[in-house]
Amino acid sequence: MEQAASKTCEICVSASGSHYCLECEQYFCENCTGFHKRQRVTKHHQFQSSSDVIPEGKSKCKDHNEDLSFVCNTCNVAVCISCVTGSHKRHDLSKFRDSISRLKASNEVELYSKVQEATTNMKKIEEGIQAFDVKVERVVKAITEEGTHIKAMVDKCIGEMIASVKDQSRKERDKLIQKMAVTKVDLKAGSDLDKKLNELYKARNDGKLLQSLQTLTDDIANLTIEPLTEYPDVHHTAKSVTDHDILQLFGTFNIR
């Protein structure tokens with residue numbers, strides 16, 4: 001965080017202004033802060049350390065060399081008083097600080113929504129993989145139990161069936177894992193944008209911050225969350241086998 005310059009108490013104008021009153025927007029020393037808190041009309045005022053105060057940034061209009069005080073929503077640019085009465089007359093305007101606050105709030109809501117969506121998708125994928133693994137194990141068990149009835153002559157067939165199920169299920173599971181990897185990228189992108197947003201909270205309220213917030217707004221809008229696809233399913237249909245069916249697997253013999 002950028003440190004504010006060393007300030008003198010604005011009340012006694014002698015001691016160091018180590019505290020900043022958010023309501024009065026003044027610097028107080030330790031003694032004057034205590035006195036301020038004891039006054040009936042100011043006892044509920046909130047203080048913060050003067051070292052945490054972010055100084056207001058003032059950007060100049062390149063056309064009139066005046067402080068930028070408004071944002072022209074029609075042209076999407078920061079303007080000064082002369083611009084308001086000149087080339088931006090009758091345009092839709094808003095206060096500079098209000099526009100920054102609105103952009104911060106909008107970015108925070110949009111980013112939170114997308115991160116929440118990605119988090120929900122991640123949880124659903126994890127649950128889907130767990131359920132899919134259970135179904136795969138059930139199929140393997142069913143095939144194994146069926147194979148024990150047919151015994152030795154069909155052991156090779158059972159092995160091939162199990163291998164096929166695992167191979168195909170592995171491919172489907174890999175698709176889900178790939179989907180998880182994409183979702184992790186979405187989360188990482190959302191986290192990076194969140195860090196940028198938090199860093200901008202500490203920046204000065206000036207033209208550069210407005211431009212950065214506008215760029216961040218575009219980045220958040222371009223952040224797309226990969227939609228979930230239908231989960232694969234797997235099941236096994238057992239075939240009823242009788243003694244006669246087993247005999248059909250063998251050749252015949254003839255006694256003369």
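## Valine 13, out in the open

Valine 13 is exposed, with a relative accessible area of 60% (exposed means over 50% relative accessible area, buried under 20%, and partly exposed in between, using a 1.4 Å probe and protein chains only). You'll find valine 13 in the segment before strand S1 (19-21). Strands here are DSSP E runs of at least two residues, helices are H or I runs of at least four, and both are numbered from the N terminus.

A quick word on what you're looking at: this is a predicted model, where local features need pLDDT of at least 70, side-chain atom pairs count only at pLDDT 80 or more, and totals for chains, interfaces and linings use all residues. Residues are numbered from 1 along each chain as its sequence is written, and side-chain values use heavy atoms, with hydrogens and water left out.

Most residues other than glycine have a negative phi. Valine 13 has a positive one, near 45°. Arginine 90 isn't a glycine either, yet its phi is positive, at about 70°.

Where is arginine 90 found? Look in the loop between helix H2 (81-85) and strand S6 (93-95). With 77% relative accessibility, arginine 90 counts as exposed.

Strands of a sheet pair through backbone hydrogen bonds, either parallel or antiparallel. In this model, three strands make an open sheet in the order S5-S4-S6, with antiparallel pairing. S5 and S6 are the edge strands, each pairing on one side only. On average, neighbouring strands of this sheet are turned by 35° against each other, direction ignored (axes are lines fitted to C-alpha atoms, for helices over the stretch in contact, and angles run from 0 to 180 degrees between N-to-C directions).

Strand S4 (residues 70-72) and S5 run antiparallel and are joined by three bridges; two strands pair if DSSP finds at least two bridges between them. As for cysteine 72, its bridge partner in S5 is valine 77.

## Two buried residues

Is valine 79 buried or exposed? Valine 79 is buried, because its relative accessible area is 1%. Valine 79 lies in strand S5 (residues 77-79). Beyond its neighbours within four places in sequence, its contacts (heavy atoms within 4.5 Å) include Leu68, Phe70, Cys72, Val84 and Leu93. Glycine 207 is 128 residues away along the chain, and the C-alpha atoms of valine 79 and glycine 207 are separated by 9.8 Å.

Threonine 42 is buried too, with a relative accessible area of 10%. Threonine 42 lies in the loop between helix H1 (30-38) and strand S3 (47-49). Not counting residues up to four places away in sequence, threonine 42 touches His36 and Lys37.
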